Amino acid sequence: MHPIFINLRRLALYLVVWFFFGLLLAYLLTVSHDISIRDALVLALPLCLFYAFICLSSWYSCRGNSPEKYSLARLLSTHITTGFFASIIWSFAAAGLAHGLSKTAAFHGLSDRFRPEIPLVFGTGLLLYLLSIAFYYIVISVEASRDAEARVMKASVLARDAELKALKAQVNPHFLFNSLNSISALTSSDPAKAREMCILLGDFLRRTLGLGEKAAIPLEEELSLIRAFLAVEKVRFGDRIQMEENIDKEALSVPVPPLLLQPLVENAVVHGIANLVEGGYIRLAIHSQNGTVSINVENSFDPDAPPKRRSGVGLVNVRQRLQTRYGNLASFAVKAEGDCFRVALTLPAKIEVQTA
Amino acid sequence: MTPETKTKIRTVLVDDEQLARQVLREFISAHADLEIAAECSNGFEAVKAVAEQKPDLLFLDVQMPKLDGFEVLELIGNQTAVVFVTAYDNYAIKAFEVHAVDYLLKPFSAERFNAALTRAKQRLSGGAPQKSPAAADLAASARPPAQYLDRVAVREGSQVSIIPVSKLDYAEAQDDYVALASAGKKHLKQQTISNLEASLDPTRFLRVHRSYIVNLERVSKVEPYGKDTHVAVLSSGVQIPVSRAGYARLKSFLDR
């Protein structure tokens, strides 16, 4: 929708501005030569009204030539060329009007008196056209920033929503109950180990506390959360979990939404390791390159495993959070190849996650 | 075998976590009349152990490698009393309340374990096999609503095979069994055909006859056969009888 036509008030304001341009032009016409105020007004006001509508079209020209896409030289040449043609049209219109008026008794000879002013009219037309171009660029940038603001607002609402859901689902009841059961087993057979397990579980739970209030944590913190989680699961699964890490040091300080990766590792345990009699591997690879962090979580799984009752929720959640936080700057892909399940995601390394 | 051991209740423990089995072992060791016949860490082992050991009582975890607890239950018949042991599973708990001897939620106390044991003993001393509903019913009610089977587990002796439903050509009722035809082989499973029908996705499988369910993807054509009846010819060339009602269902499906 053309910004001038959004409501009548805008249109009226626009015409008022052009009315003043008309007065200005009339004044300019009277300055040097023998055109009376009355003649000048009769010429300038309808001309400006006409030109007001011609200049409406520059909006489309501005929209089609965004400053982000084209060079300044290219923009200038485009707009000056169109302005040149617009101004020629308006100069012809002016000459035509003067000619028409001079046929009447009241404006006899106006056409001749007006002719020397044509270069002035042309110059004014070009300037007014470029002025309108500048005006529309301002309108567009104001709208864009307002849009961006709205998008950020929406994204932060969505992100917080997803976060809450993620956190609620976080301390998975299965995980908690099974861990408690392991402790129960160890209390009689190996009290020291039972105590260790209590400490590991406490450590993990403490790390998850308060994460909901944080919009982002350094990747390093997320990794220690994952390690605390796996330490607990290793007591349950013993040698069945083989963890392999390959992590770039530069990536450690990159801010990430909390609990972005932990659900992926938990999935790898619940849907991968837990279904394998002999256990399997979880490989976590994190690389930082050209401002992008790529994260791969791979695990072995049994393609013929019993169907799971709760599946994919964690993955959907992670995908959604990446989407709302980073939009197109992040990617998320899931692939199952033979007995290897892989989640690959990338996210921008530099962008500070929006603080809530 | 001494007379004393004969009176013992033979149990099998099934859990993929060693520590979880350890708790059960510890609680069982407090009862002189219990004996552990086998410990299993996955569903295949469990089915094999039940077939070979014929235990009286099974402590069965739900989430395990290979076969889950419900699939195991479907395959072992109902000569064995089953106590489920699980951490947390909404649907499963509902099913246990209706069908199982008892269920233990991890972590559980020795008292809770003893209570389950008492219930199991009552069931066992009742003599006759449990008049509990078919295992397949329990498995069906433990499935979340609107979720159809994507595989069927069958047992021949102590051998378990898994048939993905996409590889199931058709099923044929044979008394108390259904014969599942897949990849040119037939597998017998103790289940009613109606029960099987209810657990299969109705957009992929159709009951075309009192005794037959077909995989719609396999039907290559339907031909008239005698008065009022038809046969469905599968891509393998096998002909499946189609009843009048079955033909109407098939037709309305194909027209859609």
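In this predicted model, the contact between chain A and chain B draws on 24 residues from chain A and 24 residues from chain B. On the side of chain A that touches chain B, the largest share comes from helix H7 of chain A (residues 173–189), which supplies 12 residues. By residue type, that side of chain A splits into 11 nonpolar, nine polar and four charged residues.

Turning to the strands of chain B, strand E11 (residues 205–209) of chain B has five of its five residues buried, so it is largely enclosed by the rest of the structure. Here, buried means that 20 or more other C-beta atoms lie within 10 Å of a residue's own. E11(B) runs antiparallel to strand E12 (residues 212–215) of chain B, and four bridges join the pair. One residue pairing links B:His209 with B:Tyr212, its bridge partner in E12(B). Getting from E11(B) to E12(B) takes a hairpin of two residues.

Further along chain B there's an open sheet of three strands, ordered E13-E14-E15 with antiparallel pairing. Strand E13 (219–224) and strand E15 (239–242) of chain B sit at the edges; each has a single partner strand, so one side of each is left without a neighbour in the sheet. From one strand to the next, the twist averages 25°. Strand E14 (residues 230–234) of chain B pairs with E15(B) over four bridges, again in the antiparallel sense. Within this pairing, B:Ala232 has B:Ile240 of E15(B) as its bridge partner. As a general point, strands of a sheet pair through backbone hydrogen bonds, either parallel or antiparallel.

Methods: Residues are numbered from 1 along each chain as its sequence is written. Chains are lettered from A and ligands numbered from 1 in the order in which they are written. This is a predicted model: local features need pLDDT of at least 70, side-chain atom pairs count only at pLDDT 80 or more; totals for chains, interfaces and linings use all residues. Two residues are in contact if their C-beta atoms, placed from the backbone, lie within 7 Å. Ala, Val, Leu, Ile, Met, Phe, Trp, Tyr, Cys and Pro count as nonpolar, Asp, Glu, Lys and Arg as charged, and the others, Gly among them, as polar. A residue is buried if 20 or more other C-beta atoms lie within 10 Å of its own, exposed if 12 or fewer, and partly exposed in between; C-beta atoms are placed from the backbone. Two strands pair if DSSP finds at least two bridges between them. Axes are lines fitted to C-alpha atoms, for helices over the stretch in contact, and angles run from 0 to 180 degrees between N-to-C directions.
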